[in-house]
Amino acid sequence: MTDQNPSSSISPGRLAEMSKRLFVKLGILPFLLVIAVIVFASMSDNFLTGRNLMNVLRQSVYLMIVSMGQMLALLTGGFDLSVGTILALTSVVGALVMASVYAAMPDAIWLAIALGCIAGVAAGTLIGVCNGIGVAFFGVSPFMMSLGMTSVGFGVALFLTGGTPVYGMPQAFGDIFGFGTLFGIHSPIYVAAIIAVLLFVFLYRTRFGRYIYAVGGNLKAAQLSGINTRSTLLWTYVLCAALAAVAGMLLTARLDTGEANIGASMPLQSIAACVIAGVSLRGGVGRMENVVLGALFIGLVQNGMNLARIESYLQTVVLGGLLILAVIADQIRLRYVASLKD
Amino acid sequence: MTDKARVSPAQRLEGDAHSSNAHPLLQTVNLTKDYPGVRALDNMNFELRHGEVHVLFGENGAGKSTLISMLAGANTPTSGKILFNGQEANLASVHEARELGISAVFQEFSLIPQMTIAENMFLGAEPTRGGLLQPGQQRAKAEAILQDLDFHLAPGRRVDHLTRAEQQMVEIAKAFRTEPSVLILDEPTASLTNHETEQLFRLVNRLKERGVGIIYITHRMAEIREIGDRITILRDGKYIDTVDAKTTSDDDLVTLMTGRVVGQIFPKVKFKPGEIILQVDDLHTPGAGGVNGASVTVRRGEIVGFAGLVGSGKSKFAQACFGSLAIESGKIRFKGEAVAKPKTRDMLKRGFMYLPSDRRSDGLMMMRPARENISTASLDVPPFSNGIFLNRRAEKKITSDLADQLNLSPRKIEREAGQFSGGNQQKLMLARSLTRTFDLIVFDEPTVGVDVGTRAAIYAFIAELCEQGVAIVLISSDLPEILHLTNRAYVFYRGKIQAELADDEITENNLLSHFFEREAA
């Protein structure tokens, strides 16, 4: 609370009051974005160039897609710790299927790519089906369920590959889905954009999207309003896993190999992207647009730290700190909401 | 502000018979509390004497809760003074208030569900010896307090296994850990049965004799008459008047509270009983304490009351018919069609709406906007959606029309549900029942924690629905509601129907005799 007279026209108190209202309305993300841009732009001349920013976008795409899925789980009041494993399993299964189909029929490049993608995404989504069934029908806490599935999925991925990367996918796969460009924009960005538009329509223009918010808002009230809460929860985790799986295939294309060791940082980073974007850990609150920005912000910070030559080990320290800062900011915001009320 | 309001109650009551003590027990002088943009309490002058029950009366949001939270040390005033026995008291925390013997029992329970009754009662003041807890001693002390209060509760029971009424009793018992000098009770009877309420009143009377001052908040007129000595009325955070509880009429009180003449609270309903909408034969639900063989018939154009003690199965009966509670056996016919296993979504489609009693836990999504809370049960039908895609314009239009119709205040449909007052939250629930055409609407305790002005609006709302030919079931623990609003009433007792009363048979005595008939035998 400020001691300034609220009626005085433009004063520091007025400014503080305005930024407080902005903070309550938008959360911490806009402030962090502004601070990050100022800090990194002053540290490196290359930061604010078009090429670098496009680079940031391209690198953030994978996290962005995973975060959109993570947001769905968070909206229902749960979360999905297994998104990293889903990436790994998708990559391994997709690459194995694609490589073996390609080896058997070297001429059928597109068939190999299609079958590989389908198999990979299906394998990843299967993890989500398990998560969903556990959470929705057996009442297992999302924490335990997705933690357990993390171990299961990772184990399967290592077992399938023996721990070594999978080679032998058709060259075209990586060329198109990893490095391909159209009008100077990389193909994964198109995929992310299409997903974002579809998800936006799903969340805000269909009743199923509203049901996700309702289930997270008050499970009992949703039930009494005739919403099938179990199927809503099940589909939430399936959708979350499917999105992570798509990100897994895109990353496989980028790496040109199937790897069981990718995605380890995804659970933390995707939850961080959502929380920084104002998604409530208690469920029911959060906007998709902000989550996209949240993922972009994390990409921006990583890129800026790379340009400023901050060691990669220290970068993880910064990311963890940011996540905690975001949660603290959320708590402070709640307190402000209670005091501002209007 | 009127001139009347500028004068403190002490001055105004000059010449009245004062108690032997020179100073009032507790007094506030120009107490003010500001929240950004809102003055929750405005120059409040309030006075509590030794050995009186002083009722605070006002609509939701009038400032009652703000006042008591400052008296209990849970909140600090922006300006003004609090005098305790004539001396200025600095109540910076609940702990300091407790040192002076000021204990409060708030509506929101401050109990830890996983702990036992005794552990909860002594939370923060556990008896220890040499730094070690003394559970035996704690238990004995708790036992003694509970016995003194005549509450039949075993101190070793876990709080989450208790009913709401029992939890309320524990909350009250907690205030008696130390000998209170001022006891603040915020709607303590909202979830108590009549029997438990009587027990509480006996207790209040005993405390009065000991000289304890009691601040009592309630919306129930009958309670004010029964135990109140003086009433202080608040409106919009301002002091309005202090009146004698025994000589002021209901109408005067309501006029003082609302600032306008409300007239009759209960509307005259024109009942036109028509075809049978709901017929239930011999319904059982699994588990102890459920419905145990109840049969009910509800017709179009009538209001059927479900009365009975808390836990008598009246609520569970309705939930089972609605499909939110499992059924063991029994026949349910809705609009002439047999329903073997009701499911909520299916029952809503058939035209059956159940509005739960506990807004916070079962009714509303507190962090979502009012608009979404109103439309949530009808998103699968036009005009809210075409099955898949939402029609957001229609949703906005319909919900704001409903907000107008129900006088939602403030009329902001994008405001979060949790930021409305209790009465307005209830309106959001009521609006839900108008989002599509229902043939049967069950209102479960529709006026708990709702002020008199809003109450009258809710009753008028129910009456109008009934006259339009909707079948209504009104589940209520508030006897006047059953007496004045229903044309037929079932009294539930231990999961069975104890009596069915119609028209003139619905009297207080008739109802009450069936509440307790077998318990007395």
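**Sheet, helices and chain contact in a predicted model**

Student: In what order do the six strands of the open sheet in chain B lie?
Tutor: The model is predicted. In chain B, six strands form an open sheet with mixed pairing. Read across the sheet, their order is E18-E19-E20-E15-E21-E22.

Student: Which strands stand at the edges of that sheet?
Tutor: An edge strand here has a single partner strand, so one side of it is left without a neighbour in the sheet. The two strands of chain B in that position are E18 (352–355) and E22 (496–502).

Student: What is the average twist from one strand to the next?
Tutor: The twist is taken between each strand of the sheet and the next. It averages 15°.

Student: Which helix of chain B packs on the sheet?
Tutor: The helix touches E15, strand E19 (440–444) and E20 of chain B. Its direction makes about 150° with that of E20(B). The helix is H17 (residues 452–467) of chain B.

Student: Which residue is the bridge partner of B:Ile303 in E20(B)?
Tutor: Strands of a sheet pair through backbone hydrogen bonds, either parallel or antiparallel. Strand E15 (residues 303–308) and strand E20 (residues 471–475) of chain B run parallel and are joined by four bridges. In E20(B), the partner of B:Ile303 is B:Ile472.

Student: And which residue in E21(B) is the bridge partner of B:Gly308?
Tutor: E15(B) also pairs with strand E21 (residues 488–493) of chain B, in the parallel sense and over five bridges. The partner of B:Gly308 there is B:Phe492.

Student: How many residues of E15(B) are buried?
Tutor: A residue counts as buried if 20 or more other C-beta atoms lie within 10 Å of its own. On one side of E15(B), B:Ile303, B:Gly305 and B:Ala307 are buried, and on the other B:Val304, B:Phe306 and B:Gly308 are buried. Both faces are therefore covered. The count of buried residues is six of six.

Student: Is H16(B) roughly parallel or roughly antiparallel to H17(B)?
Tutor: The axes of helix H16 (residues 422–432) of chain B and H17(B) come within 10 Å and cross at roughly 15°. Angles under 35 degrees count as roughly parallel. H16(B) is therefore, relative to H17(B), roughly parallel.

Student: Which residues of H17(B) make the contact with H16(B)?
Tutor: H16(B) passes H17(B) in a left-handed crossing. By class, the contact has three nonpolar, three polar and no charged residues. H16(B) brings B:Gly423, B:Gln426 and B:Leu430. H17(B) brings B:Thr454, B:Ile458 and B:Phe461.

Student: Which residue of E10(B) stands opposite B:Leu185?
Tutor: Strand E10 (residues 213–217) of chain B is mostly covered, with four of its five residues buried. Strand E3 (residues 53–57) of chain B runs parallel to E10(B) and is joined to it by four bridges. Strand E9 (residues 182–186) of chain B also runs parallel to E10(B), with five bridges. Opposite B:Leu185 stands B:Tyr216.

Student: Are H5(A) and H11(A) roughly parallel or roughly antiparallel?
Tutor: Helix H5 (residues 109–137) and helix H11 (residues 229–255) of chain A pack at an angle of about 150°, with their axes 7 Å apart. Angles over 145 degrees count as roughly antiparallel. H5(A) is therefore, relative to H11(A), roughly antiparallel.

Student: How many nonpolar residues does the contact of H5(A) with H11(A) have?
Tutor: The crossing of these two helices, H5(A) and H11(A), is right-handed. Their contact has eight polar residues and one charged residue. The nonpolar residues number 20.

Student: How many residues does chain A give to the contact with chain B?
Tutor: Chain B gives 27 residues to the contact. Helix H12 (344–350) and helix H13 (359–363) of chain B each supply at least two residues of its side. By class, that side has 14 nonpolar, eight polar and five charged residues. The number from chain A is 22.

Note on methods. Residues numbered from 1 in each chain as written. Chains lettered and ligands numbered in written order. Predicted model: local features only at pLDDT ≥ 70, side-chain atom pairs only at ≥ 80, totals over all residues. Contact = placed C-beta atoms within 7 Å. Nonpolar A, V, L, I, M, F, W, Y, C, P; charged D, E, K, R; others polar. Pairing = 2+ DSSP bridges. Axes fitted to C-alpha atoms, helices over the stretch in contact; angles between N-to-C directions. Parallel < 35°, antiparallel > 145°, perpendicular 65-115°, else oblique. Left-handed = near helix turned anticlockwise from the far one by under 90°. Buried ≥ 20, exposed ≤ 12 C-beta atoms within 10 Å, placed from the backbone.
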